[in-house]
Structure formats: structure tokens, C-alpha cells
Amino acid sequence: LIYLQLLLINARMAVASSLVLVSLSWIGFLLLVAFGILCLAAGLFYLAEVVEEYTVLTQLVLRRSLYAILGMILVVGVFSPIGVWPVTAVGLVAHLFYLSLIKKFPYFNLMSPQFILSAIGLVTHHYLTFSHFSDVYYPFDQIVAYFAVCVWATPFVLFISLSANEYTLPSVSESQDFRGGPKRGGGLLAAMTFAKEKMTGILPHKFSME
């Protein structure tokens, strides 16, 4: 009887310690997710401000980056098992649509043929790339690298650039220098600024002793 009681106590202690470790791991995971979201939001806020402040320079960097990504997609398609068709060909066409979209940067008409074709190219390229990597084995780091550079990089910058689209006057854009004219709040940056103001009202403030 005493032996059975000891076994029961040991089993309860093992279950309790396991629950504690599982709970601790979940708390740590949630903290990491929260810190990751905060870091991502801070990075997006900074990038949105840079795009709004330096629209001309952003357009120049974006165009040159597009040329580099186009060359990279072509090289990867020719000299890797990915092949030219269909992933590489669709990727090249999608980035050519992106290139036509930034000719009037930072102005984006959501109903324009360039924007619609760019959206279709993004979805198609993403689907074909995901299907290819699902059928053919590649190391995880190579999959992430291809998606980050050849699929997501340009659409991500264009998404950030939507914040500079709404409140920039054409007359200002035509005569502005690399600073891109006066900074105006809109789009993504306006949403983040609103969230920042709300958080500032919630969080405690540092009071002066004077």
C-alpha cells in the first residue's frame, strides 16, 4: 500500500512538473511572438516614414532593385532545378508589371490595368512557386531565400509605399528633390501613427518632479 501511494505521489509530481514546463514554454512562445510583432510594427513604421519623406530616392532604389531582382530570377531559373517554365517566366512577367507600376511612383491607382495585372502576377507567381517547392525538395534556407528575394521583396516595398500615395500632390512630386517634398500622413503610416497615439494614451507617462 505504501509503495502504491509513493507511485501515485511520483506520478502526480511528474504531471505537475510537466504542466509547469508546458505552461512556461507557451508563455515564452507568446512573449517571443509579442516582441516579434512589436519589432515588425516598429520597422514598418520607420520604413513608411522613410518612403513618405524620400519618395524620389525610394523610386530610384526600387527601380534599380527591380532590375537586380529580374536578373536574379533569370539566373536562378537558368542555372537551378527551378527551370525557366513556369516559375521563372511568370516571375519575370510579374516583375515587369511591377516595373510598369512604379513609373508614376508614388501614385497608385488601384483600378488601373498595371495594378490589377501586378496583383494577378503576384498571386500567380506565389502559387506556382509554392507548388514547385511543395513537389521538389529544397533545403529550407533556399526556399526562404527565394521567396524573400524573388517573390515578396518588391510587393512588400510597394505595399509600404501606399502610405505615400494618398496625400502627395503631383505638382510637388514633379519639382521635388530627393527628400520628396513635405511629409504627409496617409495610408499605412497614418494607421500606425493612430495606433502609436492610442498606445501613448494607455501607457503610463514619466512625470517631472519640478
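**View 1. Phe-133 is a buried residue, with a relative accessible area of 12%.** Here "buried" means under 20% relative accessible area, "exposed" means over 50%, and "partly exposed" is in between (1.4 Å probe, protein chains only). Keep in mind that this is a predicted model: local features need pLDDT of at least 70 and side-chain atom pairs count only at pLDDT 80 or more, while totals for chains, interfaces and linings use all residues. Residues are numbered from 1 along each chain as its sequence is written, and side-chain values use heavy atoms, with hydrogens and water left out. Tyr-146 is buried too, at 6% relative accessibility, and Phe-147 also counts as buried at 6%.

**View 2. Searching the whole structure turns up 5 aromatic pairs.** In one of them, the ring centres of Phe-133 and Tyr-146 sit 5.7 Å apart with the planes at 70°, so this pair is edge-to-face. Phe-133 belongs to helix 4 (residues 113–135) and Tyr-146 to helix 5 (residues 140–161), so the pair ties together parts that are 13 residues apart in sequence. Phe-133 also pairs with Phe-147, this time tilted, at 5.8 Å centre to centre and 45° between the planes. That pair again links distant parts of the chain, from Phe-133 in helix 4 to Phe-147 in helix 5, 14 residues apart. For the cut-offs, rings of Phe, Tyr and Trp (its six-membered ring) pair if their centres lie within 6.5 Å; planes under 30 degrees apart are stacked, over 60 edge-to-face, and the rest tilted.

**View 3. Helix 5 has a kink of about 60° at Trp-152, shortly before the proline Pro-155.** The bend is the angle between axes fitted to the seven residues ending at a residue and the seven starting there. With 22 residues at 1.5 Å each, helix 5 should span 32 Å, and its end C-alpha atoms are 30 Å apart, which agrees. (The expected span is 1.5 Å times one less than the number of residues.) Among its buried residues are Ile-143, Cys-150, Val-151, Thr-154 and Leu-158.

**View 4. The protein has 7 helices and 0 strands.** Helices (H or I, at least four residues) and strands (E, at least two) are DSSP runs, numbered from the N terminus. Helix 2 (residues 55–79) has 25 residues and reaches 36 Å from its first C-alpha to its last, close to the 36 Å expected. Its buried residues include Leu-62, Leu-66, Ile-69, Leu-70 and Ile-73. Across the 210 residues of the protein, 29% are buried.

**View 5. Val-22, Trp-26, Phe-29, Leu-30, Val-33 and Ile-37 make a nonpolar surface patch of about 600 Å².** Phe-29 lies in helix 1 (residues 2–53) and is partly exposed, at 46% relative accessibility. Patch residues have over 30% relative accessible area and no salt bridge; like charges are joined within 9 Å, nonpolar side chains (Val, Leu, Ile, Met, Phe, Trp, Tyr) within 5 Å. A salt bridge puts a side-chain nitrogen of Lys or Arg within 4 Å of a carboxyl oxygen of Asp or Glu. Areas come from the Shrake-Rupley method with a 1.4 Å probe, and for residues only the protein chains shown count as cover.

**View 6. Leu-162 lies in the loop between helix 5 and helix 6 (170–175).** Leu-162 is partly exposed, with a relative accessible area of 27%. Leu-162 and Glu-52 are 110 residues apart along the chain, yet their C-alpha atoms are separated by 9.2 Å.
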